[in-house]
Amino acid sequence: MDALLPAISSPAFEHVQRALDLLGNSPPQTLLLEGGTELQRQDAARYWAARLNCPQAPAAGAPCLACPACAQIAAGEHLNLAAYDGRISNREDEASPGLVRALTTDNVRELKKTLRDKTRDQGQRVVLLSGLEHALRGSAANALLKALEEPSPFSSFVLLAVQREQILPTLVSRSFCLTLPWPDSRDIPPDMQPWLDALARFLRNEKSEDASFLERTAAKGALDQTSALALLLCCQKTLAPVLAGEQAASPLAGIFARMDAEKSSIFSRWLFEAQQSLTAGVTPARVVEALAMRLFVLLRKKN
Ligand SMILES: [Zn+2]
C-alpha cells in the first residue's frame, strides 16, 4: 500500500508518518521538512498532502494511500497540490512547464491569486516549495514571503530543505519543523553495491573485467522497478553526506564530491524526476540509463 510513496515506506519513517497524521488535526500554515534525502522529503510532503486531502483521513486520522485522491497526490497531479522549485530556470519553465514550476515572480503572483479561493472539495491546498536557497532573492522572493505571511485558511505550505539553516530565519520561525531521519551512507544494501561501483566506472569512463553499467542495465530482467528505485535511493544516500561536506567514502561519492553546488542540485532534481518516471511506469532500464548518461555529460561541463 505504501508503495505509492516508496521513499518513506520503510519502518524508519513510521514515526514521520504518525507525526504528520497528528499534525493533520490542526495543520500549521507552514511546515518545514528537513533531513532525509530529497526523494524522502518529497514523499513526506506528498504524504502530508494526502493527509489533508484523502477523503478517509478526517475519520481515520491518516490517509488511506489507496484511493484516487491519494494516487493523484503521489503522482504529483492532484488539483490541490502545487509545487515550485527555485532550481528550475525561467527559461526551462517557459519551454516546458511541468508539474513543478519555477519560482518566478509571475508564477508566485498566479499562486497568490489562487490562495484566496476555497478549494473545490473538502481538502486543503498544499504548496510544496523546494530549492528556496537558490530562489530567495529579488521580486519573486518578496512576493513569496508576502504570500507565506498572509493567513491562507485553505492552504498549507511545505518548505523542503536539506537543513533549516538554508532557509531564511523569518520563515523557519513561523514554520512547524519536522526532521526526517538523516541518510546513512553506510546503509547501502549489499546487492546494490555492484551497481554503484559499475556506475562509478561508467562515469569515470573506466574499463574493467566486471560487467559495465550499461551491460548490467541491458541484461533482461536485471533491473525491475523496485531495484531501480533502490538504486536511485542509494545515489541519494551517497550524495547526501557529500553535500553535508563529509569526506567521500566510496568511488561514487568521490565523483559526486567534485560537482559544484549547481551541478549537485541539478543532479538531485534529476534523481527525483527519475523516481517519478519509474513510478509512472517507464521502463526501469531506460530511466536509469538516461540518468547515467545525463550525469556523464553534466560531470564534463565546466563548473
Ligand atoms: Zn486516500
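Trainee: How many bridges join strand 1 to strand 5, and in which sense do the two strands run?

Mentor: Before the count, a word on the model, which is predicted: local features need pLDDT of at least 70, side-chain atom pairs count only at pLDDT 80 or more, and totals for chains, interfaces and linings use all residues. Residues are numbered from 1 along each chain as its sequence is written. Strands (E, at least two residues) and helices (H or I, at least four) are DSSP runs numbered from the N terminus, and two strands pair if DSSP finds at least two bridges between them. Here, four bridges join strand 1 (residues 30-35) to strand 5, and the two run parallel; within this pairing, Thr 30 stands opposite Phe 157.

Trainee: How many bridges join strand 4 to strand 5?

Mentor: Five bridges join strand 4 (residues 125-130) to strand 5, again in a parallel arrangement. Leu 128 stands opposite Val 158, and Leu 129 stands opposite Leu 159. Strand 4 also pairs with strand 2 (residues 81-85), in the parallel sense and over five bridges, where the bridge partner of Leu 81 is Val 126.

Trainee: Which residues of strand 5 lie on one side and which on the other, and are they buried or exposed?

Mentor: In a regular strand the side chains alternate between the two faces of the sheet. A residue is called buried if 20 or more other C-beta atoms lie within 10 Å of its own, exposed if 12 or fewer do, and partly exposed in between, with the C-beta atoms placed from the backbone. In strand 5 (residues 155-160), Ser 155, Phe 157 and Leu 159 are on one side, Ser 156, Val 158 and Leu 160 are on the other, and all of these are buried.

Trainee: Why is strand 4 described as largely enclosed by the rest of the structure?

Mentor: Strand 4 is described in that way because six of its six residues are buried. Arg 125, Val 127 and Leu 129 point one way, while Val 126, Leu 128 and Ser 130 point the other way.

Trainee: Into which domains is the protein chain divided?

Mentor: The bounds come from an automatic or database domain assignment, which gives domain 1 (2-180) and domain 2 (190-300). Their C-alpha centres lie 26 Å apart. Counting two residues as in contact if their C-beta atoms, placed from the backbone, lie within 7 Å, the contact between the domains takes 13 residues from domain 1 and 16 residues from domain 2. On the side of domain 1 that touches domain 2, the largest share, three residues, comes from helix 2 (residues 38-53).

Trainee: What does helix 10 pack against through its buried residues?

Mentor: The buried residues of helix 10 (residues 193-204) are Trp 195, Leu 196, Ala 198, Leu 199, Phe 202 and Leu 203. They cover an arc of only 160° around the axis, which puts them on the same side of helix 10; the arc is that of the directions from the helix axis to the C-beta atoms. These residues pack against helix 11 (213-218), helix 12 (225-243), helix 13 (251-257) and helix 15 (284-300).

Trainee: Why does Trp 195 count as buried?

Mentor: Trp 195 counts as buried because it has 24 C-beta neighbours inside 10 Å. Leaving aside its neighbours within four places in sequence, Trp 195 is in contact with Arg 216 and Leu 231. Trp 195 and Arg 216 are 21 residues apart in sequence, and their C-alpha atoms are 7.9 Å apart in space.

Technical notes. The expected span of a helix is 1.5 Å times one less than its number of residues.
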